[in-house]
Amino acid sequence: MWCPCAAHTLISCTWWSCIRQEVFSSEKARQPCLPGPSAPLPNPLLSSPLSPQPEPVWGGYLGLAIERERHGRDSGELRRLLNSLECKQDPYTRSMILHSITRCVYLLESEASACTNDDITLVGSMLDDKDNSVKIQALNTLKAFSGIRKFRLKIQEHSIKVLELISTIWDSELHIAGLRLLNNFPLPDFVHPQLRRVMPALMEILQSDYILAQVQAIRLLSSLAQKNDLLYDILNCQVHCNFLNLFQSTQPGSLLFEVLVFAERLSEGRSSPHYRAVKWHYNEQSLHEALFGDDSRLADRLLALVIHPEEDVQIQACKVIVSLQCPQDVGIRPSCPPSHSCFNNGE
């Protein structure tokens with residue numbers, strides 16, 4: 001028997017089912033479609049008619065080059081990029097080519113080792129480019145090549161040019177790239193005269209507000225402080241009146257550690273018999289007076305760093321304190337003369 005109530009219930013259920021289906025369809029239509037794997041965009045650096053085009057594969061052309069190197073085959077990617085760098089390109093393209101060369105040097109070891117000194121000269125010529133971004137990328141590329149032993153002597157020939165760029169162009173990214181390159185290999189003796197000329201610029205970078213550049217600058221200065229013929233030039237370099245702010249506990253731990261290493265090497269160098277054999281004279285605003293002068297507050301800063309949260313900073317601060325209390329030839333003398341310490345006997 002047909003029941004009106006049953007018919008009414010069936011119609012209501014059917015109506016609500018249609019409504020739910022309509023809402024679900026609308027919500028699904030509004031949801032963005034998730035992209036599936038697709039072929040990579042074409043490499044603009046390989047789109048020129050300078051070389052034949054490889055087949056595009058998942059992971060890009062560099063991924064294909066890496067895969068070929070794993071199987072002992074030369075992809076030719078690095079050589080194509082170096083050849084394209086020789087052609088006249090706009091600054092943006094030159095910068096991108098150099099960036100790609102840097103990646104290839106790190107990732108394609110065998111192809112990078114097969115390069116020649118002429119390739120280093122080509123990259124080094126980009127340091128004369130008018131565009132700073134090209135200079136920065138060229139510095140990064142030279143840094144990558146400097147990891148290969150056979151190119152280090154050739155790259156060292158560009159040291160004077162790199163120092164010139166660092167001292168004449170106030171650009172934090174350029175400073176970082178240039179200093180990272182110089183810190184990656186020992187600087188030859190023929191660069192020392194240029195180093196004396198750029199010492200004020202290095203000290204200004206150290207006292208800037210850009211942490212990455214400061215860390216690279218202090219690492220270079222710490223290395224130079226171990227050179228007997230450069231120690232006085234560093235100690236007599238003029239600094240700001242607030243130079244000791246670099247030793248404040250509020251500074252980043254990475255910077256504090258490097259500054260303390262620098263101070264230890266300066267203290268050891270000035271306490272060596274070779275250096276003390278000469279009576280040196282320093283400017284009033286010199287680094288020597290800021291660190292080791294009669295009015296220096298370095299001792300207070302060091303004592304505060306002994307309880308620094310980072311253990312490396314604590315240990316290095318203690319090393320500086322010991323170096324200030326004892327001269328370099330402590331093994332020869334029966335005791336450490338108090339006149340060489342900037343700490344009172346009670347401290």
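Of the 86 residues in the largest nonpolar core, which touch the most other members? They are F145, F243, F247 and L266. A nonpolar core here is a set of buried Ala, Val, Leu, Ile, Met, Phe, Trp, Tyr and Cys residues joined through side-chain atoms within 4.5 Å. Buried means under 20% relative accessible area, exposed over 50%, and partly exposed in between (1.4 Å probe, protein chains only).

This is a predicted model: local features need pLDDT of at least 70, side-chain atom pairs count only at pLDDT 80 or more, and totals for chains, interfaces and linings use all residues. Residues are numbered from 1 along each chain as its sequence is written, and side-chain values use heavy atoms, leaving out hydrogens and water.

**Chain overview**

The chain has 18 helices and zero strands. Both are DSSP runs numbered from the N terminus: helices are H or I with at least four residues, strands E with at least two. Buried residues make up 44% of the 347 residues. Among contacts (heavy atoms within 4.5 Å) between residues at least 6 apart in sequence, 69% join residues at least 24 apart.

**Core and rings**

L266 touches A225, L231, I234, L235, L287, L291 and F292, not counting residues up to four places away in sequence.

The structure holds four aromatic pairs. Rings of Phe, Tyr and Trp (its six-membered ring) pair if their centres lie within 6.5 Å; planes under 30 degrees apart count as stacked, over 60 as edge-to-face and the rest as tilted.

| Pair | Type | Centre to centre | Angle between planes |
|---|---|---|---|
| F145 and F151 | edge-to-face | 5.6 Å | 90° |
| Y232 and W280 | stacked | 4.6 Å | 25° |

Y232 lies in helix α13 (residues 228-235) and W280 in the loop between α15 (273-276) and α16 (287-292), so their pair ties together parts 48 residues apart in sequence. Y232 is partly exposed, at 22% relative accessible area. W280 is partly exposed too, at 31%. Ring pairs link Y232, Y275, W280 and Y282 into a cluster. F145 and F151 are both buried.

**Cysteines**

The structure holds zero disulfides, a disulfide being a pair of cysteine sulfur atoms within 2.5 Å. For C104, the nearest cysteine sulfur is that of C115, 9.5 Å away. C104 is buried, with a relative accessible area of 1%. C241 is exposed, at 77%.
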